[in-house]
Amino acid sequence: MEKFTLLDGLVAPLDRANVDTDAIIPKQFLKSILRTGFGPNLFDEWRYLDHGEPGMDNSARPLNPEFVLNQSRYQGASVLLTRKNFGCGSSREHAPWALSQYGFRVVIAPSFADIFFNNCFKNGLLPIVLNEQDIDFLFEQVNAQEGLRVTVDLDAQKLSLSNGAATFSFEVDAFRKYCLINGFDDIGLTLVHADKIRAFEAKRLTDQPWLSTVIQ
């Protein structure tokens, strides 16, 4: 998992509440057994004017010009600003996969669905919770100034606007912060103890050599 320390990113505003995981990555794209390739189908039903299916050539599909991610001023955004209860609905981990593979590293909202919130941390995506008043202010700033960026300092737990209009503090669980800063998903966290695991396995086979016997 990619380490997260300091991010300077363009903000894209998705001014919708209760965005569920089927809107983030529609159910037909869950057929894949891979963990890659979901970025082009992020918000598929809002982003395109036709119905998407796995394996389609997305470059040839008609784009919805009204959808925020299709607007030129938000191309290359790595910070998504949205409304309350983001990521509600089914528990599919494909939702943070799709957001990350599109290019987002941070999602800012007043609240998140619990399972989605947890899945974000496991996939290198930082969900930041700010109060409704601060979210309203951020929407005003993003809409008023093209190219507005934010700097997210995870170590200091600070979010600053590029125009100098405000700096916000945010809360993050200490263990989750440790994992993000070091780039540890569940597997990576386990492999921190790889030497101890190998030592245990070697001792176990010495003490119980029959465990290595191959049954024909």
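Which charged end sits over the ring of Tyr48? That is Arg61, 3.8 Å from the ring's centre. Hello everyone, and thanks for coming.

First, some housekeeping. This is a predicted model, where local features need pLDDT of at least 70, side-chain atom pairs count only at pLDDT 80 or more, and totals for chains, interfaces and linings use all residues. Residues are numbered from 1 along each chain as its sequence is written, and side-chain values use heavy atoms, with hydrogens and water left out.

Back to charges and rings. I say a charge sits over a ring if NZ of Lys or CZ of Arg is within 6 Å of the ring centre and within 35 degrees of the ring normal. Arg16 does this with Trp46, lying over its face at 3.9 Å from the ring centre.

Trp46 also brings us to aromatic pairs. Rings of Phe, Tyr and Trp (its six-membered ring) pair if their centres lie within 6.5 Å; planes under 30 degrees apart are stacked, over 60 edge-to-face, and the rest tilted. The structure holds 12 such pairs. In one of them, the ring centres of Trp46 and Phe67 are 6.2 Å apart and the planes meet at 55°, so this pair is tilted. It links distant parts of the chain: Trp46 is in helix H2 (residues 44-47), while Phe67 is in the loop between H2 and strand S2 (79-81), 21 residues apart. Helices (H or I, at least four residues) and strands (E, at least two) are DSSP runs, numbered from the N terminus.

Are these two buried or exposed? Buried means under 20% relative accessible area, exposed over 50%, and partly exposed in between (1.4 Å probe, protein chains only). Phe67 is buried at 3%, and Trp46 is partly exposed at 21%.

For a stacked pair, look at Phe112 and Phe116: their centres are 6.3 Å apart and their planes are at 20°. Phe112 is buried at 10% relative accessibility, as is Phe116 at 3%.

Now, helix H3 (residues 94-102). Its buried residues are His94, Ala95, Pro96, Trp97, Ala98 and Leu99. What covers them includes helix H1 (21-24), S2, strand S3 (106-109) and helix H4 (114-122), with contact meaning heavy atoms within 4.5 Å. Just after H3, Gly103 takes a positive phi of about 135°.

Last stop: Leu211, in the segment after helix H8 (194-207). Leu211 is partly exposed, at 41% relative accessibility.
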